[in-house]
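Q: Please take a close look at one part of this model, namely a charged pair and others of its kind.

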There are 4 protein chains.
Amino acid sequence: MVHGPEMAEPRSRLNLRQRYGNIRTLSEALAAPLSREDQCVQSMPDASPTKWHLAHVTWFFETLVLMRHAAHYDAYDRRYHYLFNSYYEVFGSRHARQQRGLLTRPSGGEILRYRRHVDKAMYRLLDATPAPGVAWIVELGLQHEQQHQELILTDIKHAFGLNPLFPQYAKADDAPAVESAALSWLHYSGGIYRIGSAGAGFAFDNEQPRHPVVLAPFRLATRLVTCGEYLAFIRDGGYRRPELWLSDGWNFVQSQAVHCPLYWIGQEGEWQIFTLHGVSPLRAAEPVVHVSFYEADAYARWRGKRLPTEFEWEAATANEPVEGNLLDLTRCHPRAADEGERQFFGDAWEWTRSAYEPYPGFKPWDGIASEYNGKFMCSQMVLRGGSCVTPAAHIRASYRNFFPPSARWQFSGIRLAEDA
Amino acid sequence: MVHGPEMAEPRSRLNLRQRYGNIRTLSEALAAPLSREDQCVQSMPDASPTKWHLAHVTWFFETLVLMRHAAHYDAYDRRYHYLFNSYYEVFGSRHARQQRGLLTRPSGGEILRYRRHVDKAMYRLLDATPAPGVAWIVELGLQHEQQHQELILTDIKHAFGLNPLFPQYAKADDAPAVESAALSWLHYSGGIYRIGSAGAGFAFDNEQPRHPVVLAPFRLATRLVTCGEYLAFIRDGGYRRPELWLSDGWNFVQSQAVHCPLYWIGQEGEWQIFTLHGVSPLRAAEPVVHVSFYEADAYARWRGKRLPTEFEWEAATANEPVEGNLLDLTRCHPRAADEGERQFFGDAWEWTRSAYEPYPGFKPWDGIASEYNGKFMCSQMVLRGGSCVTPAAHIRASYRNFFPPSARWQFSGIRLAEDA
Amino acid sequence: MVHGPEMAEPRSRLNLRQRYGNIRTLSEALAAPLSREDQCVQSMPDASPTKWHLAHVTWFFETLVLMRHAAHYDAYDRRYHYLFNSYYEVFGSRHARQQRGLLTRPSGGEILRYRRHVDKAMYRLLDATPAPGVAWIVELGLQHEQQHQELILTDIKHAFGLNPLFPQYAKADDAPAVESAALSWLHYSGGIYRIGSAGAGFAFDNEQPRHPVVLAPFRLATRLVTCGEYLAFIRDGGYRRPELWLSDGWNFVQSQAVHCPLYWIGQEGEWQIFTLHGVSPLRAAEPVVHVSFYEADAYARWRGKRLPTEFEWEAATANEPVEGNLLDLTRCHPRAADEGERQFFGDAWEWTRSAYEPYPGFKPWDGIASEYNGKFMCSQMVLRGGSCVTPAAHIRASYRNFFPPSARWQFSGIRLAEDA
Amino acid sequence: MVHGPEMAEPRSRLNLRQRYGNIRTLSEALAAPLSREDQCVQSMPDASPTKWHLAHVTWFFETLVLMRHAAHYDAYDRRYHYLFNSYYEVFGSRHARQQRGLLTRPSGGEILRYRRHVDKAMYRLLDATPAPGVAWIVELGLQHEQQHQELILTDIKHAFGLNPLFPQYAKADDAPAVESAALSWLHYSGGIYRIGSAGAGFAFDNEQPRHPVVLAPFRLATRLVTCGEYLAFIRDGGYRRPELWLSDGWNFVQSQAVHCPLYWIGQEGEWQIFTLHGVSPLRAAEPVVHVSFYEADAYARWRGKRLPTEFEWEAATANEPVEGNLLDLTRCHPRAADEGERQFFGDAWEWTRSAYEPYPGFKPWDGIASEYNGKFMCSQMVLRGGSCVTPAAHIRASYRNFFPPSARWQFSGIRLAEDA
């Protein structure tokens, strides 16, 4: 089991150097159960090889920190700047995204050597108490690496899910719960709420500026929708009734022959589910995950409800404790809600009905990090709350994740809402 | 020149029967300059043949009005319910959208006979002073036909634009202006604005419910961006600088080899433009049209500005007179702004930075019209204000048009905004 | 009914001018039952609008004859050289093939004026007794127009076949036969046969040079395979048994969901068939047509037979009379074989197992006609014998038609062969 | 260097068991220079991972030999029958071809264990002197494994060729020649030749039955076309002149932007070439390889020559010694022809102008091997003679290889022919 201090200890007590070490260590621990072959595979253009993730986050530190702020730093291999840049136009041309899986060289061992080289230089820099500007970009690098930690797991799950042998990523330690708490409703009054990061810790540019939003009274479900509840939708012909679907969603399920969430295997009456811990019978009490926005939206409509807006979600959770079923390698899967457990953080990213747009007054970060978030603000939907594979120290109430409405390979689930 | 009473006279003075007659007449007048062959062509899946438009709006009256509310109505030809349904799942299966251009039969003349048949029954119904519920669905049918009037023109423009002979749809009567007013800024204070239809006339479900929105102070440009201004963007390498573009937009211009607005012909230094009145030299004073959301957004970024939100746009125009360069067959093209002319209505649909989402508390219409707007609320952007081919009686401040961000065949243009 | 002298009278008795007139007249007669809209439609990239065919064959005379050999000839409209060139690289760039259906202009009436203009100049040239070289190129133009006569019918059939109204091209005069002759076998001894045009009349370059081929003894079926016989293949699961198919063929039927010949409608037990004379019940006695090479090959394998090679076919038919169910507008469909009728010519093009390759010593024609046949000698299969829509004066034993193995919109059928 | 007895010693002196051991050993030796990651990658649907090749050939022995002929044989893992079947419908459903690269499990080590398991059982069977029927199917398995040995090298070359680091598969031992023999012509008289396997050793079903073919007198070039000669074609605008190309070929080079052979890097004047031994300057004296049939055909036309038919090739080589630059890991690349060296065998597979068709009287093998060759006899061209990565004991004059005309990742080259 992997359970570094980063997961156990409050962030504030650790200095940047310690956090750097913990996060960098965790990334490699996530890769440890995987063979060299596993780490090299790319199962679709949206997913990347483990090895590539390990290299790309390292390239980020090398390019944005060391090349700019470390005296006399020697790039490990300048060709890596081409291979491991993801989408940053400002850093020049790069290897085609859909061909990352072809990079059998550099080898996985070579990537670890690259990591060692960069770590050594990073420690040297961090030991010298870097200037605030440098500390900030290091912090960004850490947040960035945490994002890729989640992707390492969702991407290998996708590859394993396409393998007829359904490999197991890791053993699960605990026995899953067989019942979940009953679903009831939390009431929130209308009014003007302030949305966006209040500035107390790290936040991405897309969480800013904090600004007022008018909300009408609304209600949120006390927990996530379960597999058992979703099964009732399937049994009621949910995937075959166009009136429940957005037009694009109906096209999606028709053209892709979608008739159940991703990783559900088999047929009605005998469903199984593929998880990072292997194949098991479907457990009705667990939150449903790996649904697209289209499916989440159709399910809510079938229930006579709707999805929350991202503003309702943030208003509701601003004072909730940031805790839940977050990244823990002994249980990389959502858990049934205990009585009183609200599942706002962890378990599943919650699709909102909000398109991913700039907040009023939004400005991308200046300079080298300007492409981080702003340029994706089109044709994507906001998800909130983190999942069972999000590092605990990475999530917060104002955090905005975003994916196209058809995306299903993330741990994305459903929380119902309604007008009060 | 076509200039029916519908265009000239205020709607309130005309009763429903008169308006029915005027609008139905205008649709056929719009088709009149086109040959039978022109009326049958479909140049891309998003565009429909003129003939199909003429039949589809008639199907709408037949299916939603006559089949339900006219005693003893005989359907003209039941096969047309399959051929001319657009996207209404509730009315059963339908002919594939991308194959509309293959329908050489029924002929254009036959479609006119179909229109006569339905008109006759509609007049009989309208003469009998229909119940309010019926009047409402007739009104919806008229609004629907007006939407298709605009599409008749944009769709044939697309087909003609792909013909190396560049046919002319109609002669232009007036000489275009050679200068436009200077661009300055209108200031709007922040606060809570009420957005959505106030209920005084017809409004679509997507304009409802009226609800409060918080706006920060903002400024809007006094007029639309001109071709001359847009040309400066092109000359400055706008289409070749990734930092100006949304990620999807950059993919769009790269993969589609887009380097100028749709219907611009030729090369820098000698641009020509294809219009419904034929090919002419590019006129710098006219508003730029036929740009995608991506191009509008990139242009605004290049200018150091941004696009307005749809709420800012509506707040700014709520008290503006609804007048401008709207549908008039002698001039189916935007006009240079005169001094003091704000161009909020007409000339060009204005891309906003707002994704097309339901208003808080949105409910689709009950029953047969439930699919009209709600099911498209995903992955589209809102445009406001109508264009030079929008019927004058059809537009209003709360009107929300919507297209995918890559759409260019509508008369879509750019108004700049900035934070105050 | 269309029945010009070209069909009735032996070619030899007519001079070139008369034949020019007859063939040109027939093309327009073939278009006569079609509306302007019908003549403008293109249902797939491989098919062309009637109007385009009428213009293209005219362009051929204008470009290859008049522009080169007629003194003081004025091109009708130089833009047509771009619009109506099909694939001749030597004559410069041309309109994209898959966009021919977008050419609503020039109108059908305009194309007829273009034909008049060219005809007038052609008559002037032909009246002056042209030099042998000119006569030859005129002859090629006539052969070319005859090829397009067949395509006019197969292409409009394809468009009509995609129209849910299933329009009728023409009334059928005769009552179809209800029985066909029993199938038996014709025996041919092995030896060296001479293959290719013997030089007595017009022949394409691909029929030359005449050359010896060794054949083993073989047998050919006395008539074409019937719909009833083909139905037994379907009922026996022919389309679901991979062992019967070529690998490409199996991919074809799987990926395109092919389960019956093109234009068969409905389900087992109640098959209907779409013909140029409308929809009718499937008639078991008629030859099966509109099958791909893959289907012909799989059917033959299922019967324990094979398709003939093109050399076997030509050896067998070299001395057969060139007569059969060829182009006649009162019956544009194959006919059941009478007793003793061998159906070698007419009814259906017969797929051979021979790939379309150059004959030993093949040389494309010099100069302007060099692209006619040779450049297509790859990835196509040879068909022999002409069909029910091939002009009678156009076919001969040495004639080689060719289409990709997946093509189904031609009147292509099956004759069985076996080793003796 | 790998140089097993299989390469060095005549086949006849070795018994089946010895040959089994040698061939099985060579396959693993070919994989030895590759990392686990290299062995897992699939760079396009037509190529397979090394690991998959190693498993598939083993599956072949397990399924066609051991499961049928070895008493009490226990399948290693029945799931492998799904994973490692290539295209044999008779053995049931199988893993999708284009997803072979996703199989990170079973691991490369596991595949070697699978090989050990099968080898052990095979040795037990072979030690017992198998019946002739069994010996024949073992022989087929060996021929099959040799085919995949060549593919292991061409497929990894393709993957490495897409890696910007251009990895080296193996060091080259010898210094390449700088000059090649002058090209002259070999004359062959016309007459009747017997084509196909004469039955003295193993032959595939597609080489049978032996049959007579008439050939006109012809000439073949004394050696393969060199890179230097091909460069002259490029410099003369060969890739930009449509008159040199088959219609499909012109579409191919236009749509794929092909302007040089595969693995040529850079620009005119400074060409480099990627080989299994890394990147080096282009060497003019070496045979050009990795051209498609289209390029071979266009090149020949540019020279005023043509490609040979497969019958001409076989007639010419029937009495040539089967020796040349065949598989040898110290030199996986064609070599410049020495004076007098004809290069018929080895160096490069020679595109012929012959489509891959059944010989007269062809019958696929009965039973389990029936799908081996016959079902691919459509839309492919025949290549003859083997390449620098073909095992020496695998090639013969009657051997027919076949690939689609666009294939370029094999070592395919050009020999010129002309009519005498």
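Q: Which side chain meets that of D:R384 in a salt bridge?

A: The partner is D:E314, with 2.8 Å from N to O; a salt bridge is a Lys or Arg side-chain nitrogen within 4 Å of an Asp or Glu carboxyl oxygen. The model is predicted, with pLDDT of at least 70 for local features and 80 or more for side-chain atom pairs, while totals for chains, interfaces and linings use all residues. Residues count from 1 along each chain, chains are lettered from A and ligands numbered from 1 as written, and side-chain values use heavy atoms, without hydrogens or water.

D:R384 belongs to strand β11 (residues 381-384) and D:E314 to helix α10 (residues 310-317) of chain D, so their bridge ties together parts 70 residues apart in sequence. Helices (H or I, at least four residues) and strands (E, at least two) are DSSP runs, numbered from the N terminus. Both D:R384 and D:E314 are buried (under 20% relative accessible area; exposed is over 50%, partly exposed in between; 1.4 Å probe, protein chains only).

In chain A, A:K305 and A:E418 form a salt bridge of 2.6 Å, N to O. A:K305 sits in the loop between α9 (293-302) and α10 (310-317) and A:E418 in strand β14 (residues 417-419), so this bridge ties together parts 113 residues apart in sequence. A:K305 is partly exposed at 25% relative accessibility, whereas A:E418 is buried at 15%.

A:R306 bridges to A:D419, their closest N and O atoms 2.9 Å apart. This pair, too, links the loop between α9 and α10 with strand β14, 113 residues apart. A:R306 is buried at 13% relative accessibility, and A:D419 is partly exposed at 32%. Over all chains, the structure holds 127 salt bridges.
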